[in-house]
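Please look through the sequence and the model shown here, and then read the notes on a pair of helices and on a group of strands.

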Amino acid sequence: MTVDQHRLAPLFLLFCVVACVTGCLLLLRPPAPLDASVGPGKFSAVRAREHLRVIASAPHSSGTSAHAKVREYIVAYCRHMGLDTKVMEGTGLRAVGAYVNAGHSRNVMAVLPGTDRNRKSILVMGHYDSQPNTPGAADNGAAVAAMMESIRALKHHGPLKNDVVFLFTDLEEVGLLGAESFRAQYGTIEDIGLVLNFESRGNSGAAFTFEVSPDNGWLIGEFAKAVEYPYANSLAYEIYKRMPNDSDFTMFRDLKAPGLNSAFIDGYSHYHSMTDSPENIDLGSVQHHGSLMLGMLLHFGHRTLVQGTQGDRIFFNPVGSWLLSYPYAWDLPFLLLSIGLFLTALGMGLFHGRLQPKQLFIGAGLFLSSIMVALLFAWLLRFIILWAYPHYSNFYNHNFYNAGDYLPAFLGCCLLGLGIVFHRAIRYCEPESLSLGAFALMVPLAIVLKSTLGTGAFIVYVPMVFFSAVYLIYFLSGIQWEKDPWLYGIGQALALLPALGLWITFVVNLFIVFSLALPYAAVFFILLFFPLLIPLMAMLAQLHHYSFSFVALFFLGAGLLLGQYHAAPTRERPLQVALMYAVDHDAQRALWVCSDAYLPPWARAHVAPDERRPFGMFGTNDVHKAWLGEAEMKPYTIGHVEVLRDSLTAQGRFVDIVLFPAAGTLSLDLRFSHTVRLRAINERFLASTDKGMPLRQLRYSGIPRKGRRSLQLQWVVEKNAVPTITLIERSLGIPEEYFRETMPENIVHGTGLKSNSLQVKRILKW
């Protein structure tokens, strides 16, 4: 019996695509964790886990007793390892307009001295404070534990030439205040020659180096040599630069020192959650943190740290962790080469009669139409999922624990849009003309990326080179689907695989980052595959006219079924609920406030579930819609205020006060109803003149537990003005007896300051 090659070839190509996607996903995983039996000079995630169990044994926001215990543990360990260790206390502050964010920071600095003290030092950073309602095993206990395990491993390698400054920063979670305080205090900041920061945004996945310093040519080249698993690309760096996100690394970007910022981001539903515990963290992610950290310290620790040389580089992972890089100066020639190669293939196809001009335009038009249909399907899918499972909205970006299960569904609905639009066209037009006509739109896209994202255009022109080369070979050699199905199928695989290697990473990572809140970022990279899939669709039509649509429906159905299977909150995957107890001290009124969109029965027992209403108890600056319910007045404590100075001068009325919050206060909010010009916080002056800076709102965190003044403010107002302050004292933890019902096992307190907190508002006047 003769086997029809036209039926086997498309199956072979489909197998190649599935195998490549599977391989790409497997290669995105972090390295396997090494156990405690490995040599003392190696990093072991299992050894680091012992530190993690102490660090993340409980939530440890700055200023809490648990926070102090973590700090004492870090200090004791660093001193035991022989490092010059000290706690740097100070006031960190950042001002944006009339809003000031400040706090009392307690950074831990441990210095591992090098043999050449005249060299620049390496700064390694990870913050040791957590969000209020999370043990913080991944964010950022993993970095702290990796730093401690790296210190131990470095001691077995002998001294480095460069000093290494291990900085365990404080108050990162409330606004990078520990890093800002360190910059203000550290006298030799210009001697820092390399900055390495480690973070997380989930509890699993590979550690991705998502941010690098400008003028990074030397750094990227050395980074690729230094570590075993360097996951990074310059497009991610360009995207991150344009996002409103910060980390401690932000405080050091203007030093002009080389720097790298790395984080793992999978498991986003655990971010800032009570489920971010040592039991739930992926030890492979901890191993990757440590592999990067120790590898870079051993490599850069003996090298002269060079600042700003060799310009920027284009860099990306073509396959797995292989980091390819080349000078930025080559970018434009490569872009022009790829466009020239594509135009050459287009011309040869027209010359040999393989391409039809009219059908090229049809392909381009249908590609645009398929994009619109696919986006519509993606929007409908998102709408249906969030309508069917409203509890997803209680998580960042609607990212419930099963969010990743829906990625196949979005892939399926996109492929379905492609199949519907091109179904008839592939029967009456040449698939090659449709494919190249659609791919022609990549040329202006590459030019736009080059002009807007600088080092990010490679994401289009690299696949364009392989795609164009395959079709050029087709046209020059006469390879056709009808005559040579196997050679044709192999060519299609070669055209697809480079694009899969590059774009799958973005499809997966962007879906992790934006999830169901904005799945269109990942969908955009799925849409880029459409021109390359048109020949596959035509080849599969040899088996059945609707084969491609069947594949699309399979992915759509599989994703929805997976999502449904893991949709219900359980003890292992609990629902987050943000409920706080708010008190108006002057009116002697208490409210339950839930800021979540979805109310489970437990929360409904505390608030009126009829509608979300504006919550303005804390002042007009904090009006937001929430579920509200009258609460029984329960005991609470408040602090007191002392006036140190209240005097009139020619410049205005000068007021100095000291606030002594109640025991257990986590943070303070002060909102000023009159124009106040702030001069100093804890004797740290904000401006060089007596007039100070305008102040409307101040948030102060990291309040000392005892033995010192908590917050001293100096400000000036106009003569005869009466400054009125709305003071909100915020403590963490609502006593269990305050709740009307016991919290079920499948619910945990939500993220942020508006969850599991007792907040008391009062008005102060002078």
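## Two packed helices

Helix 13 passes helix 18 in a right-handed crossing, where right-handed means that the near helix is turned clockwise from the far one by less than a right angle. The model is predicted, so local features need pLDDT of at least 70 and side-chain atom pairs count only at pLDDT 80 or more, while totals for chains, interfaces and linings use all residues. Residues are numbered from 1 along each chain as its sequence is written, and side-chain values use heavy atoms, with hydrogens and water left out.

Helix 13 (residues 431-439) and helix 18 (residues 530-540) pack at an angle of about 165°, and their axes are 7 Å apart. That makes helix 13 roughly antiparallel to helix 18, a term used for angles over 145 degrees. Contact (heavy atoms within 4.5 Å) involves Pro431, Leu434, Ser435, Ala438 and Phe439 of helix 13, together with Pro531, Leu532, Ile534, Pro535 and Ala538 of helix 18. By class, this contact of helix 13 with helix 18 has 9 nonpolar residues, 1 polar residue and no charged residues.

## A strand and its partners

Strand 22 (residues 724-732) is mostly covered, with 8 of its 9 residues buried, that is, under 20% relative accessible area with a 1.4 Å probe and protein chains only.

Strand 22 pairs in the antiparallel sense with strand 18 (residues 665-681) over 7 bridges, pairing being counted if DSSP finds at least two bridges between two strands; here Ile728 of strand 22 is the bridge partner of Asp669. Strand 22 also pairs with strand 24 (residues 757-765) in the antiparallel sense, over 9 bridges, and the bridge partner of Thr724 in strand 24 is Lys765.

Note on methods: Axes fitted to C-alpha atoms, helices over the stretch in contact; angles between N-to-C directions. Helix = DSSP H or I, 4+ residues; strand = E, 2+ residues; numbered from the N terminus. Parallel < 35°, antiparallel > 145°, perpendicular 65-115°, else oblique. Nonpolar A, V, L, I, M, F, W, Y, C, P; charged D, E, K, R; others polar. Buried < 20%, exposed > 50% of the residue type's maximum accessible area, 1.4 Å probe, protein only.
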